[in-house]
Amino acid sequence: MKKIFCLVALMLAVLGSASAQEAKGDIVKTGLSFGPLPVVAFDQDKGLQYGALLNIYNFADGKNYPVPNSQWYLEASFFTKGSKLFVLNYDNRTAIPGVRFCLSGMYTYDTALDFYGFNGYDSFVDTQILSDNSAYYRMSRQVPYFKADFTGNITDHLYWKAGYHFKYFKTGEFMPDGQEIPTLFKQCKDMGLIPEEDAEGGISSSVRAALMYDSRDFEPAPSRGIWAEANIEYAPSFLGTSKEYMKYYFAFRNYLPLASDRLVFAYRLNVQGFLKDPAFYMLPYETILGYGYDKDGFGGYRTIRGIMRNRIQGTSVCYYNTELRYRFVDFHLFNQNVGLALSGFCDGGRVLVPFGKTTLDDEHFHIAAGGGFRFIINRNFIVAVEYGVPFDEQDRQPGKAGSLYINTGFLF
């Protein structure tokens, strides 16, 4: 941890000395732009992340800069708490006239995945057990994942989306050193909350369709506009799905400039769920169409910062993010466009429809607040440092006031 903070401090010192070269306009990039980087990140839920990534942007003649005509993203990462991540994303806006297509392949392997039961606060987390023996709240999961999504324009700002997604789940108990130990996952199996036929995983093979409205001025770091999407996913048995399901997803994001594009208030609202109880392993995923891939874990860096990963699992869930972003300086460094930004946020979420039972008893909103810093290169590549503090001890890692995240991009 000290090494990470020293690295961040050194980066800030170097950039501070260069800030006299204040930008008076972007340097227009053309052709291919390569961004190879070692991955040195941190996630309170997963631990220290190490590996390598490569961004390849094709700006062609620069006519569309800062939007690339196409881009590749490759990553191989390992986490000290037992997770592995391998990603290959391809995004193209010009090969098919009027259609943007995105291909993704991903493999995740979690030997000690967070598992706190179902239905939020209805599943009580014993903080003493979590502190003394966190293995009780762990399970294992492997997921190879492939997707192909297509997006086309209908009218100004209105788009259609369609795609195919495949996941294979292999789930099981957390067994350190090959030894079987008491876990919440095993208890849920014994009680029948996780049916025997689902306990070892299965296949999800689905088609998705969506309508999207997008008036954002710039996708990686918007300063104004609206992004809204409604999609539906159908995973029938004739496509190979182990347990059929149908899922809905609604999302709304709004970006409000308060002082030109330097001070922006942004918020996101999400609600999603299944028309009936699915296999338990399908619960902690967002239904994404377009660039990127399904993010897992309601609670954690990509959904509700500060709340423990996978803390919120139910047949239907909702969450919100609110954020104030301030980009306080822009300058040129080594022929690159560089910006620095600060942010403050408040996130929250809850289960709306329970999994495995008919009513909720103690569930209410899980809320956390915090702030962050961002280092922005060529308006596309963004290094983020954030810290979130949950309001309730039930949502907090043992011995920690909050959760630290060092990663890339804006949350939304």
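Student: Which residue stands opposite N231 in strand 9?

Tutor: Let me first state the basis. This is a predicted model, in which local features need pLDDT of at least 70 and side-chain atom pairs count only at pLDDT 80 or more, while totals for chains, interfaces and linings use all residues. Residues are numbered from 1 along each chain as its sequence is written, and side-chain values use heavy atoms, with hydrogens and water left out. Strands are DSSP runs of E of at least two residues, and helices are runs of H or I of at least four, numbered from the N terminus; two strands pair if DSSP finds at least two bridges between them. Here, A210 is the residue opposite N231. Strands 8 and 9 run antiparallel and are joined by 8 bridges.

Student: With which strand does strand 7 pair, and in what sense?

Tutor: Strand 7 (residues 158-173) pairs with strand 8 (residues 201-214) over 13 bridges, in the antiparallel sense. In that pairing, Y159 faces M212 of strand 8.

Student: Is N231 buried or exposed?

Tutor: The scale is relative accessible area with a 1.4 Å probe and protein chains only: buried is under 20%, exposed is over 50%, and partly exposed is in between. N231 has a value of 4%, so this residue is buried.

Student: Which polar partners does the side chain of N231 have?

Tutor: A polar contact is a pair of N or O atoms within 3.5 Å; within protein, one must be able to donate a hydrogen and the other to accept it, and residues adjacent in sequence count only if both atoms are side-chain atoms. The N231 side chain makes such a contact of 2.8 Å with the side chain of E229, and reaches the backbone oxygen of T287 at 3.1 Å.

Student: How many residues does the largest nonpolar core have?

Tutor: In soluble globular proteins, nonpolar side chains tend to be buried together. A nonpolar core is a set of buried Ala, Val, Leu, Ile, Met, Phe, Trp, Tyr and Cys residues joined through side-chain atoms within 4.5 Å. The largest here has 27 residues, and F115, F118, Y137, I194 and F280 have the most contacts inside it. Strand 6 (138-155) and helix 3 (184-190) each supply at least two residues of this core, with the largest share, 3 residues, coming from helix 3. Apart from this core lies another of 13 residues, including V39 and F381.

Student: Which residues line the largest cavity?

Tutor: On a 1 Å grid over the protein atoms alone, a cavity is a set of points where a 1.4 Å probe fits but cannot get out, and lining residues have an atom within 4 Å of a point. Among the lining residues are F115, M139, F280 and Q313.

How values were computed: On a 1 Å grid over the protein atoms alone, a cavity is a set of points where a 1.4 Å probe fits but cannot get out, and a pocket is an open set with protein on both sides within 12 Å along at least five of seven lines; lining residues have an atom within 4 Å of a point.
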